[in-house]
Amino acid sequence: MSMSGQKSATAEQTPQRLWHGLAQLRHVREVNVLLAMLIVGALISLYTPYFLTTNNLMGVFRAFSLTAIMSIGMVMVIITGGIDLSVGSAMGLASLVTALCFDAGFGTSTSIAAGVGVGVTFGLANGLLITAVGLPPFIATLGTLSIGRGMMYMITHGVPVTPDTPEAFSVLGQGYVGPVPVPVVIMLALMVVFALVMRRTRFGRHVYATGGNEHAARLSGVKTDRVKLAVYVLSSTIASLAGIIGFSRYLSAEPASGFGSELDVIAAAAIGGASLAGGVGSVTGAVIGAALVGVIANGVVLLNINTYAQQAITGGVILIAVSLDVLRSKLTGGNG
Amino acid sequence: MTLFLEMHGISKTFPGVKALNRVDLHLRLGEVHVLAGENGAGKSTLMKIMTGVYRADPGGAIRIDGQDTVIKDPVHARALGISIIYQELAVVNNMTVAENIYLAREPLGRTGLIDRRKMNADARAVLAELDISIAPDTRVGNLSIGQKQMVEIARAISYRSKLIIMDEPTASLSHHEATTLTRMVRKLAAQNIGIVYISHRMDEIFEIADRITVLRDGETVDSRPAADMTRELLVRKMVDRELSQLFGAHLSHATHQVLMSVRGLGLKRPTAQGARVSDVSFDLHRGEILGFFGLVGAGRTEVMEMIFGSRSHVGTIAIDGKEVRIESPSDAIGHGIGFVTEDRKEQGLVLGMSVRENFSLTHLAEYCRLDVVNRRRETEACHGFVRSLGIKTPSTEQKVLNLSGGNQQKVVIAKWVARRPRILIVDEPTRGIDIGAKAEVHALLNRLTSEGMSIIVVSSDLPEILAISDRVIVLKEGRISGILGRDDATQEQVMLAATG
Ligand SMILES: Nc1ncnc2c1ncn2[C@@H]1O[C@H](COP(=O)(O)OP(=O)(O)OP(=O)(O)O)[C@@H](O)[C@H]1O
Ligand SMILES: [Mg+2]
């Protein structure tokens, strides 16, 4: 065996190496999804120049920002080999509890804290059911999904809660930083922070190791139960944050808010390259995945396609994206 | 003996690695052909090409019965009469022996349902032909590893294979099972079946080989009848060094200071499988290499898992005279214990991660500030071990999945040694690694004891235990049946304690 790779790398001229580096980018999943998004965007803008206006683009960004925020938590759960079906309920219940607190006359910080508390509670419940009791993540979070949704209907009797809120609170959902909506700023900030956490910290490494081979990770000294508890708490807490932002946008907590959103969130993570088998995935990939779905949704509206078709198109995108990935790794990897 | 399969000028390139470089191989019916070579020499890759798992680079040729043939995939290979028995056995545990043998080609009755009676009868006939005494309706999950291997051989025979490839088949077998297997191999050869046999065990190679081919760095360096080969020559061809230079003399660094004392160790919840370990008491001295020997099923691994906290136990463990509570691996690691596990794929490695990430998983905190990993220092440390252990990999970023079996084993050793535990438990440390690397591992263990580390070595390779241990503890049916000093530990004494 000779190390032909190293030899040729040193012999290469700099521009060639640059080209080689760019060629390598092809293998990075995020880049592929980003490319797909740019292509879709270009196609849409061919039909309607309105697509590329700042106004529309910022609207698109804001529309998918909540899904993207939740997908950041979700992808960490998926990387450990788990799944969190309860994010929609955590989101909805958090927005409802925040609204109820305002309704009861509490201040902004108390109300937000209560909403976040809902998320933490969801996460602890999920995490403990999975690690201490030993339930499969699918079952544990399916249970808390139903409980959360049921509680929302019980509390509201199906009627939205619309309290008076201070001006400052609505900045969270309705404000702008320059031309950029505040939810988008929050999304980007969370993305950067958690991408760094996953790529550069010990915790991040442990998350990947737990999903890659839990047994080996535990025998190497990784406290896998703690890692799992942490990602479920993060996922629910981030979802509750999305709920609070959503409430701040419409200032009305709907009993159905967040209903079914777990599927969009899982889809975003999967399109972005996360493997449900665990060990593989990235935070930026998940956000870009959410963006791709968001752009398509916008295109459907702008091109006057039947909105019901949007869901079918999204489904198609998931299947195509993941299939391409599987086929590509079969072709290049070839390791049986 | 008739020529069956010829490979001419076979090359295989992976990204960054030339695994095979114009290899020639001639296989005859009725011949046991041993393929030998260092870790990463390309043996498994060559076999994967022969069974259609990989396609060779253009330029070479494969001829079967004189006809140029392109082997498209494993199913095609089997149709051509080539079967392989992998070390990681490919049996379905929840199914019966007969169901496994006839998997995906179950005999159907007139109704279109599986004809169970015929399937069992056919399976019984195949098993009888090979003198294997396993009932066809036994669940495979209840069989030992050696028996599972017999089921795989029966399956290969039932395909009417002309060539059966075995890639390190005895690596995880007990001594007795290994003997049964080698006898089976001779019998298959007598029935005019060709065998390709890959092994790192010298005794075994000379016991069964008709012909030996040596690969080094992806090239054929020698091929001759076994009768013309000697051990010295084989080692020289494989590693390019003299056998006598490989293994240094044993230098003891053992002291009389007790580092860890184990008292009355036993299983908390005895399970149906495995040995019922009970009442195991011993001391581990500072700087000592303590060998643990026993037949498969004697409970050696169980004892180590209890000490390491991955199996719950009764009894006490004291380190430096103070009793410690060990309820999880991270407790054990916190008390300075490291554990090179026996099964590298299941327990030792995260296969999808890089060499670097696997290496540092045990001691990542060393490269961290405020929990942020310093990638440069991590890579440097990993690089040092790749060099000192001779791990063959194009870079530290290679996924361990793509390393050869023996090189994966070296990564497991590196990740624990780098943590510098006070007590290092190594379970079958040299399984699947070549003779040169084995000598390096022995030298490494010896060097570590000179730095004050205490080491427990579990191995079913008795000569290995005798060569490197300062004392030997023999387990039998879950209990200690002998503790022998280096001078008293002879092959006979140890076997007597293990079986007597
Ligand atoms: N799928 C792969 N991708 C990249 N490199 C590979 C792949 N498979 C094997 N290699 C490399 O090819 C070389 C030959 O590997 P192979 O598994 O054939 O060695 P081997 O002779 O069987 O060694 P061992 O005795 O350790 O099992 C090694 O350097 C290995 O790292
Ligand atoms: Mg091999």
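Colleague: Which residue stands opposite B:Val32 in strand 8 of chain B?

Modeller: B:Ile195 stands opposite B:Val32. Keep in mind that this is a predicted model.

Colleague: What makes strand 3 and strand 8 of chain B a pair?

Modeller: Strand 3 (residues 32–37) and strand 8 (residues 194–198) of chain B are joined by four bridges, in the parallel sense. Pairing asks for at least two bridges, so these two strands of chain B count as a pair.

Colleague: Which sheet do they belong to, and in what order do its strands lie?

Modeller: It is an open sheet of six strands of chain B, in the order 6-7-8-3-9-10, with mixed pairing.

Colleague: Why are strand 6 and strand 10 of chain B called edge strands?

Modeller: Strand 6 (82–85) and strand 10 (219–225) of chain B each pair on one side only. From one strand to the next, the twist averages 20 degrees.

Colleague: Which helices lie across strands of this chain?

Modeller: Helix 5 (residues 145–158) of chain B lies across strand 6 and strand 7 (163–167), at about 175 degrees to strand 6 of chain B. Helix 8 (residues 231–239) of chain B lies across strand 3, strand 9 (211–216) and strand 10, and runs at about 30 degrees to strand 9 of chain B.

Colleague: What is the strand order in the sheet of four strands?

Modeller: That open sheet of chain B has the order 12-11-14-15, and its pairing is antiparallel. Strand 12 (280–285) and strand 15 (322–324) of chain B are its edges, each pairing on one side only.

Colleague: How do you know that strand 14 and strand 15 of chain B pair?

Modeller: Three bridges join strand 14 (residues 313–319) of chain B to strand 15 of chain B. At least two are needed, so the pair qualifies. B:Ala318 stands opposite B:Glu323 in strand 15 of chain B. Helix 10 (residues 300–308) of chain B packs on this sheet, touching strand 11 (258–267), strand 12 and strand 14 of chain B.

Colleague: What makes B:Lys118 and B:Asp122 a salt bridge?

Modeller: Their side chains meet at 3.0 Å, N to O. The cut-off is 4 Å between a Lys or Arg nitrogen and an Asp or Glu carboxyl oxygen, so the pair passes. Both residues lie in helix 4 (residues 116–129) of chain B, four residues apart, about one turn of the helix. Over all chains, the structure holds 31 salt bridges.

Colleague: How many salt bridges are there between chain A and chain B?

Modeller: The count is three. In one of the structure's salt bridges, B:Asp371 meets A:Arg202 at 3.2 Å, N to O. That distance is within 4 Å, so the name applies.

Key. Residues numbered from 1 in each chain as written. Chains lettered and ligands numbered in written order. Predicted model: local features only at pLDDT ≥ 70, side-chain atom pairs only at ≥ 80, totals over all residues. Heavy atoms only, no water. Contact = heavy atoms within 4.5 Å. Axes fitted to C-alpha atoms, helices over the stretch in contact; angles between N-to-C directions.
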